[in-house]
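Hi,

Here is the structure I promised to pass on.

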Amino acid sequence: MFGTQSKRDLSLEIQSQIPILRPSIHARRANITVKFQDLYGFTVEGNVDDANILNEVREKVREQGRVWWAFEASKGANWYLQTHVTSALKSSLKFSALVNAITLKKLIRKGIPPVLRPKVWFSLSGAAKKKSTVPDSYYNDLIIAVEGKLTPATKQIDHDLPRTFPGHPWLDTPEGHASLRRVLVGYSFRDSDVGYCQGLNYVAALLLLVMKTEEDAFWMLAVLLENVLVNDCYSSNLSGCHVEQRVFKDLLKKKCPRVHAHLEALDFDVSLVATEWFLCLFSKSLPSETTLRVWDVLFYEGAKVLLNMALAIFKVFVKQLILTSQVDAIRTCFHTPQLSSKPIKMHAWGY
Amino acid sequence: MATNGHNNLNAKLVLLGDMGAGKSSLVLRFVKGQFLEFQESTIGAAFFSQTLAVNDATVKFEIWDTAGQERYHSLAPMYYRGAAAAIIVYDITSADSFTRAKKWVQELQKQGNPNMVMALAGNKADLEEKRKVTADEARVYADENGLFFMETSAKTAANVNDIFHEIAKRLPRAQPTQNPAGMVLVDRPAEGARAASCSYGFQNLGTLYSV
Ligand SMILES: Nc1nc2c(ncn2[C@@H]2O[C@H](COP(=O)(O)OP(=O)(O)O)[C@@H](O)[C@H]2O)c(=O)[nH]1
Ligand SMILES: [Mg+2]
């Protein structure tokens, strides 16, 4: 259902008729547990309050949609393409372009409406430009050329396909597996230093869900690894990831000295929880819409948002962390449902 | 140390082994009693805890289930540092995974805690018809290297609880006033299995809209 160009307007469809949730309800003592699918087809489980939060989120997403449409109406459909620093600020320094750039940054930090994500991401991340430097048939040729080839990378990819968001209504189907396989295998041949690194399976899967077409997802993956993230995040010994962890530790020490000192005293290495965040870009730890909000900023402003997000998560749990002296309780602080039911404040997104 | 009837021990345990050997499945079986045909692949590491009663004491395992892909190797020291126990897992249907297991053993012997209790698990024992590594070969290796060895199956549950029990029994019980790294005596009742589900919960609710 998510796989083809013709279904591009899926999220528009979802958006225009977002129902008030009437989830199936299982009473469990005083708690009511509900289960439903979020905007991107992931199963969500939580209590009734969580369901209300999700309804609020959907309302906010709709509001954001209205704001974006209003801009399109007044400034033209592709107004945001004329704002990029290189094209606007450097070359023409036109006042309106500058205003647009500031507006756009603010808008993006509040979230790109799901229906516009493929288009906005593709142009603002540099994926479109990257794609335009090679012949149109690049992706198809690549896929055909590598078909049937077996390498250590393809073996590991095959192993992980059914283990990537198992149970998802599209990803966990033969069609979804085949699509994800082509993107990952194709990329492993494009850059043999990276080949395949576990973690990319989740990233590519979410890109497929957002971009709707395999080829666009492939280019987003390429621009992400080649231009957006720090170098060598995923190659042979994950050196880029080690660098990120180091930077994050220093940042935590500076911004949350009490938490840092407390964890240090317990001999708890923050990398124990943060490694997965950086390698999966939060896709395995945060709800899909929340993850994609982070990615909205990632593709426009760059990789520093990952550090800010990690810091924001720590800030949310400051009190709990300070009171905790058991390693498993610390780990529990970062357990997904708890993480996600707290509003994560935008303040940490500033500088 | 004299036991006083509620002697509680915390022990950090790490699982190491090739990708796909069944580390996550063993933990899931032990902690939740479940088996999934398709277990989400582990990135970095996942954390679980589970408490076992052994004789007159309870042992609370703090379990780090690590990612098996070769390039994640550089992260491993962070997980086995200070561990009181390790389970090195291989898949009996893959000779490569056995070779990889031996490398882990060597590394732990060189870099790990010298008092670490080490177990070698030959997993997927239910796949007898595809076996590539004999139990004898593994047992000989384990004996030579001071590990204890069991063949396990996360699928049928064979020997899964047993291997954790055996580790719990072998953990050094006498605690000098100074605790060795990775082991902390706690003086409060053990938490139930509730804490066990720590790394569950996949995509869930949330909001970033507070401005
Ligand atoms: N038949 C069988 N399959 C198993 C067993 N343990 C794990 N598996 C399967 O092997 C695959 C890899 O398991 P996983 O626990 O993810 O391995 P990990 O990468 O070491 O964590 C999964 O598809 C499991 O269902 C077992 O004891 N028997
Ligand atoms: Mg695993």
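Predicted model: local features only at pLDDT ≥ 70, side-chain atom pairs only at ≥ 80, totals over all residues.

**Domains of chain A**

Between domain 2 of chain A and domain 3 of chain A, the rule finds zero salt bridges (a salt bridge being a side-chain nitrogen of Lys or Arg within 4 Å of a carboxyl oxygen of Asp or Glu). Residues are numbered from 1 along each chain as its sequence is written, chains are lettered from A and ligands numbered from 1 in the order in which they are written, and side-chain values use heavy atoms, with hydrogens and water left out.

Chain A splits into domain 1 (23-115), domain 2 (133-228) and domain 3 (230-351), with bounds that come from an automatic or database domain assignment. Where domains 2 and 3 of chain A meet, 15 residues of domain 2 are in contact with 16 residues of domain 3 (contact means heavy atoms within 4.5 Å). The area buried between these two domains is about 1300 Å², and carbon and sulfur atoms give 81% of that; buried area here is the accessible area (1.4 Å probe) that two parts lose on being put together, summed over both. Tyr202(A), Leu206(A) and Val228(A) supply 35% of what domain 2 of chain A buries against domain 3 of chain A, more than any other three residues.

**Cores**

In soluble globular proteins, nonpolar side chains tend to be buried together. I looked for nonpolar cores, meaning sets of buried Ala, Val, Leu, Ile, Met, Phe, Trp, Tyr and Cys residues joined through side-chain atoms within 4.5 Å. Buried is under 20% relative accessible area, exposed is over 50%, and partly exposed is in between (1.4 Å probe, protein chains only).

The largest core has 133 residues, and the members touching the most others are Trp121(A), Tyr234(A), Trp295(A), Leu298(A) and Leu120(B). Helix H10 (residues 200-211) of chain A gives the most to this core, with eleven residues. Helices (H or I, at least four residues) and strands (E, at least two) are DSSP runs, numbered from the N terminus. Apart from that core lies another one of 32 residues, including Ala11(B), Val27(B), Phe61(B) and Ile163(B).

Leaving out residues up to four places away in sequence, Tyr234(A) touches, among others, Val203(A), Phe278(A), Leu279(A), Cys280(A) and Arg71(B). Phe278(A), Leu279(A) and Cys280(A) are among the buried residues of H14(A). That helix (residues 271-280) has ten of its ten residues buried, so it is largely enclosed by the rest of the structure. Just after H14(A), Leu281(A) takes a positive phi of about 50°.

**A hairpin in chain B**

Strand S2 (residues 45-54) of chain B is mostly covered, with eight of its ten residues buried. S2(B) runs antiparallel to strand S3 (residues 57-66) of chain B, and ten bridges join them (strands pair if DSSP finds at least two bridges between them). Ala45(B) has Thr66(B) as its bridge partner in S3(B). The two strands form a hairpin with two residues between them, and Asn55(B) in the turn has a positive phi of about 50°.

**Salt bridges**

There are 23 salt bridges over all chains. One of them joins the side chains of Glu214(A) and Arg182(A) (2.8 Å, N to O). This pair links distant parts of the chain, 32 residues apart, with Glu214(A) in helix H11 (residues 214-228) of chain A and Arg182(A) in helix H9 of chain A. Glu214(A) counts as buried because its relative accessibility is 14%, whereas Arg182(A), at 33%, counts as partly exposed. H9(A) (residues 174-190) also holds His177(A), which counts as buried at 19% relative accessibility.

In chain B, Glu166(B) forms a salt bridge with Arg170(B), the closest N and O atoms being 2.8 Å apart. Both lie in helix H5 (residues 160-170) of chain B, four residues apart, about one turn of the helix. Arg131(B) forms a salt bridge with Glu128(B), with the closest N and O atoms 2.9 Å apart. Back in chain A, Glu59(A), Arg62(A) and Arg66(A) are linked in a network of salt bridges.

Cheers
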